[in-house]
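User: I am new to this structure and would like to learn how to read the packing of its helices. Please begin with one pair.

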Amino acid sequence: HKKLFSGFKRTSDRLGENLTGIFTKSALDDATLDQIEEALIISDLGPGMAARVRERLADGRYDKGIDEAGVKALVAEEIEKVLAPVARPLEVEAFPRPQVILVIGVNGSGKTTTIAKLAHLFLEQDYGVMLAAGDTFRAAAIGQLKVWAERIGVPIVSGPEGGDAAGIVYEAVKQATETGIDVLIVDTAGRLQNKRELMDELAKIRRVLGRLNPASPHDVVLVLDATTGQNALSQIEVFKEVAGVTGLVMTKLDGTARGGVLVAAAEKYGLPIHAIGVGETIDDLRPFEAAELAHAIAG
Ligand code: GDP
């Protein structure tokens, strides 16, 4: 709870700074409303949110004006409305087991770390977890995932650098089924610079999974780095196209001033947001409650 609020402090401070100096003690005129709308947009909260808050302020008959705290309270209400329907933790519910979670995202987004954090979360819920090192393009990615697997004590299926990712995934599902694993979490390559190849590779993995179980992959989780701000939104666009996306995890929300992008993403795409990353350690993946997060962002 405390970490959530301290994580979002820079985002919240930035919103405050952007609103500073806008307010007067007279009725809100169009110019002031424009300024407030603009402040919300440059705080990464998205144009929809900004327009709705503007509309509420315009309709609100604030004859004596409204101060920063008043606007923030309205913003918090609107954020809560946007986040409440999408705040949805990943549930392990697939039968037959294993539930297969494909994790996608660009390199550096925090994909590997998020996989380890998710594995840890499921272990804490007493599920059997296995990892598959499906990012065969980077030797470092395979190595790093192995280190995490050993650290948290879960089995991992991996192959050599440059190996066939779909083959590894096939082998992992086979082993997971044989050993009664509940959740198989699959790392994938994140080379957006070669969209065609990435698309082919993800499609091949999906084909292999689908042949083993038509409901698989059960989840396709896109990992997004909040510090990239509006860039995160274009990544949703691309990955929806290349891979199909069933839900999001946003990382690095600790310490960034761009946390508002979580709200913009929720509003624009309506995809479930399973958890947020608020630090580098294994415990730093959090489900969130819409009201609490709204107050962490808008004070
Ligand atoms: P990948 O290339 O997408 O697999 O990214 P990694 O998982 O290797 O993460 C890249 C860097 O981001 C590493 O230094 C991680 O420790 C860091 N990282 C990942 N998630 C978070 C987070 O939620 N907060 C912070 N502060 N750092 C994170």
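**Reading a helix pair**

Analyst: Helix α6 crosses helix α7 in a right-handed manner (right-handed if the near helix is turned clockwise from the far one by less than a right angle, left-handed if anticlockwise). Helices are DSSP runs of H or I with at least four residues, numbered from the N terminus. The model is predicted: local features need pLDDT of at least 70, side-chain atom pairs count only at pLDDT 80 or more, and totals for chains, interfaces and linings use all residues. Residues are numbered from 1 along each chain, and side-chain values use heavy atoms, without hydrogens and water.

User: At what angle do the axes of α6 and α7 cross?

Analyst: Two packed helices are described by the angle between their axes and the distance between the axes. Here α6 (residues 111–124) and α7 (residues 139–152) have axes that come within 10 Å and cross at roughly 20 degrees; axes are lines fitted to C-alpha atoms over the stretch in contact, with angles from 0 to 180 degrees between N-to-C directions. The two are therefore roughly parallel (under 35 degrees).

User: Which residues of α6 and α7 make the contact?

Analyst: Contact means heavy atoms within 4.5 Å. Thr112, Thr113, Ile115, Ala116, Ala119, His120 and Leu123 of α6 meet Gln144, Leu145, Trp148 and Ile152 of α7.

Technical notes. Angles under 35 degrees count as roughly parallel, over 145 as roughly antiparallel, 65 to 115 as roughly perpendicular and the rest as oblique.
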